[in-house]
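Hello,

Here is the structure I said I would pass on. My notes on part of it follow below.

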Amino acid sequence: MNLNDCHNFGDFRKLAKKKLPSPIFHYIDGAADDEITYARNTSAFDDVDLVPNVLRGVENVDLSTTIFGKKLDLPFYLAPTALQRLFHYDGERAVGKAAKKYNTMFGVSALATVSVEEISSMIDTPKMFQFYFHKDRGLNDACLERAKAAKFDVMALTVDTITGGNRERDLRTGFTSPPKLTLSSLFSFATKPMWGINYLTKGKFELPHLQDHVKEGTDTNTSIGNYFSTMLDQSMNWKDAEKLCSQWGGHFALKGIMSVDDAKRAVDIGCTGIMVSNHGGRQLDGSRAPFDQLAEIVDAVGDKLDVICEGGIHRGTHMLKALSLGAKACSGGRLYLYALAAGGQAGVERAIEKYKTELIRDMKLMGCTKISDLNRNNLRFR
Amino acid sequence: MNLDDCYNFHDFRKLAKKKLPAPIFHYIDGGSDDEVTLNRNTNAFNDCDLVPNILASVGEPDLSTTVFGKKIDMPLFLSPCAMQSLYTPEGDKASARAAEKHGTMYSMSTMASFSIEEVAEISNCPKLFQLYVHKDQSITDDLIDRCRAANFNGLCLTVDTLVAGNRERDHRTGFTTPPKLTLESLLSFAMRPEWVFKYLTNKKFELANIKNKTDKGTNIAKSVIDYINEQYDPAMNWKDAEYCIKRWNGPFALKGVMSVEDAKRAIDIGCTAIMISNHGGRQLDGSRSPFDQVKAISDAVGDKLEIILDGGVRRGTHVLKALAAGAKACSFGKMFLFSLGAGGQQGVERVLQNMHDEIRRNMILMGCKSLKELDNSKIIYKK
C-alpha cells in the first residue's frame, strides 16, 4: 500500500498505521475514556440527510469562503495540532506548504515542532496560532508577541484542555514526548526503522515556543496529559480570555466552545470566531458532538461571529452538512494528520485534493455553485 | 496482566476473569434472561451528552456530597454485594478498608461473608446495611438492632428481590454457595489453583450475619437463588417497609424503586432516600434502566429525599450525567467486585482512585466547581 492507494480518510489512516510506531499512531488515533464522543463526532453526520436540488446549471463551483477577514479557497482548513514532526520529519513545514498550495488556513499549535518565525518566512497564506494559557505569564506574553511579530492572522485560545483527558491508549503504549522506549514499545519502534532513522537524522526534535521557558520542551519525558495538567492554568476565566483578546488586538477565537451561553459570552468579550469542538473527543468523553450542537449555537451567535465546526469530519458531505447548518467553515486534525504520517507534504496535498474533489462533486450533486447556496433547506434530520 | 494494567471497567473485568473460577466470575458478570436490561444500564448513559462550560476558573473542584447523613469525599460508593469472600478471602473487610481510605461509603449485604460486628471493628468508613425482609421476623429485627449497635449510618431495604431473577449463566455453571463442584466447573477451579488454595486455607465460607439463625448459610450447597426464594418474604408490603423504618429510626432507603409513584410513596412512609436500581439487571430483564428513569423521579421527588442511582456506572462521566439528571450520588457493584476479584483491597483502592480521578478530571473539563453546579442545563438528551 502506498500513497496512490489512499482515496479516503480510512485509507490514509491505514497507511499511517503501517508507517508509525504504535505509541505515535495511537496518540493520533486515540481519544478519551471509551472513545464514545470520538465515534459520535463522525456518526452524528449520519443522523441528517442531504436533500439535493436539480436542474440548476452547476458547471462552475466556487468553494471559497471568508473567515476571520481572510478569503480561503476552500471551506475547510487544517486545525492546529501538536508535535507534527513526530508524525513526519517535515512536520509543520510539510503541512504549511500544502496549506499554502491550496490557499487555506494553517493552524499552528503552541506545541508545534517548527517555530512561528520559520513558518511565517515559508508561507504567506492565512495562518492561525493556537494558544494555551500557561501558569507562566512570561511564556504567555512571549507566545503572543512572537505570533504577532510573525504576522499570524488569527489567535485561537484553546479552552477545553483545562486538565488532560484520560487517553487510555497513551497510558498503555507509554506515549510521551519525546517517546519513551518501554520494552513493549521498543518492538514497535524496531519494526518501523524508517521512522526511527528519520527521527534521529532529520534535526533535533524540539518545541520551539516553549523551550526557553520550560523543561517540558526539551529532553525530559512528559506526557501531553501531564503537560495540560501541570503547565496550564486551571483558574483561567473569562477575564483572562478578554485580556488576551485585547492584548492580541486582531482576530481572536475560542476553541472548544460547546454551550450556547458560552458562545454568547464569546461575542461579549470581543471574539470574532469560535470553534465548536470537543478536542476531537480527546478530553471529556460523553460530551456532545460538535455537529449535534452546531444548529443551536449558529442560531444564537451565527450573525455575530464566525462559527467553525471542528471534529469528526471525514468526508466532503460532512462539510456540506455543517455548512448547511450555518458553520462558516470546517476544520480538523486527523483530517490531515494521517496523511502527513502517510506521505509528508505529498500526503497532505493528496488529502486536501481528495476533500476538494469530493466537495466539488457533492456541491454539483446538491445543485449548489457557491457555499452561500447551502442552507437548512438542504437538510432533513431523521 | 496485573493490577497496574487496569485502567477501566474492561481491564478489571478481564483480570477478574483470569483470576476467578468461571462459575464465580459469571455470577458477578451475568444478568437475568437475555441480559438486555444489564446492557442498557450502561448504554443508557450514551444517549445523553454533557455540555461543558469553559473559562469557569474551576481550580480544585469539591467532589464531596452527603448521603444517609454522612459526608463522603466523592459522589460514588460501594453497593451492597453478597458473599464477597468468594472474590478475595478478606471479602467485605477489604472493601470496607478501601472505602475508608477513599472517604466513601461501604455497604454490607445481608448475605455478607463477614458479620456486621466484624466489619464495624476494622473500618471507620460510613456504612450502609442492606436488609432483606425474612419470613422469620426475628431475623429481620435482629439485623436491624445489630446495625444500630454497630453504629451503621443507614439502612436500605431491597425491594426488587421478592423472587430471584432467572440468571441463566448460574444455571449453566452450577453456581451455588458454597460453590458446587460439577465436572464441568472442576476444570475451571483446577486452572486457578491460587484461588482454590486461598479459599481452602482461609476462614470457612459462611453467610456471617445469618449463620446462627438458619442452617441455609452454612454447609448445604444451596444456590443463592434458592436462598432468596426460601427465606425472603414475597408477601412483603409497604407496611413491612414502614415497620423497618420505625424500628431503625435513622436514614433509610428503599433499594430498587423504579416508578415515580413508588418514589412518592417512599416519602410518605418516611424514607430519607431511594436507590433507583434494577439490581444490576439481575432481576427483571426488560425493565427500565436507572439512568433512563432518574430524571422523571428526580423531577417528582428530588427535593424531598436523596436519590441514589445504582446500576451501569462504569465511568466518571456516568456519575456526572446521573448527578446532572438529579441524583445525589451513585453506587456501583459489578465494577468494584471485579476489582476485588482482580486484586483484593488494593484492587478496590485502585478502582476508587481511578473513578475519583475521572470524576475530578471531568468536573474540571465541565467547568464545575462543586457537584451542585451539575444540573439539567449541563446535559442534552439525544432524540
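Predicted model: local features only at pLDDT ≥ 70, side-chain atom pairs only at ≥ 80, totals over all residues.

In chain A, strand E6 (residues 127-131) has 5 of its 5 residues buried, so the strand is largely enclosed by the rest of the structure. Side chains in a regular strand alternate between the two faces of the sheet. In E6(A), Lys127(A), Phe129(A) and Phe131(A) point one way, while Met128(A) and Gln130(A) point the other way; all are buried.

E6(A) has a parallel partner in strand E5 (residues 106-108) of chain A, joined to it by 3 bridges. Here Phe129(A) of E6(A) stands opposite Val108(A). Together with helix H6 (residues 116-122) of chain A, E5(A) and E6(A) make a right-handed β-α-β unit.

E6(A) also pairs with strand E7 (residues 154-158) of chain A, in the parallel sense, over 4 bridges. Phe129(A) has Met155(A) as its bridge partner in E7(A). From E6(A) the chain passes through helix H7 (residues 137-149) of chain A to reach E7(A), a β-α-β crossover that is right-handed.

**A helix pair**

Helices H1 (residues 9-19) and H16 (residues 334-366), both of chain A, pack with their axes 8 Å apart and at an angle of about 140 degrees. H1(A) contributes Phe12(A), Arg13(A), Leu15(A), Ala16(A) and Lys19(A) to the contact, and H16(A) contributes Tyr338(A), Ala339(A), Ala341(A), Ala342(A) and Ala351(A). Of the residues in this contact, 8 are nonpolar, 2 are charged and none is polar.

Regards

Definitions and conventions: Residues numbered from 1 in each chain as written. Chains lettered and ligands numbered in written order. Axes fitted to C-alpha atoms, helices over the stretch in contact; angles between N-to-C directions. Helix = DSSP H or I, 4+ residues; strand = E, 2+ residues; numbered from the N terminus. Contact = placed C-beta atoms within 7 Å. Nonpolar A, V, L, I, M, F, W, Y, C, P; charged D, E, K, R; others polar. Buried ≥ 20, exposed ≤ 12 C-beta atoms within 10 Å, placed from the backbone. Pairing = 2+ DSSP bridges. Right-handed = clockwise from strand over helix to strand, strands pointing away.
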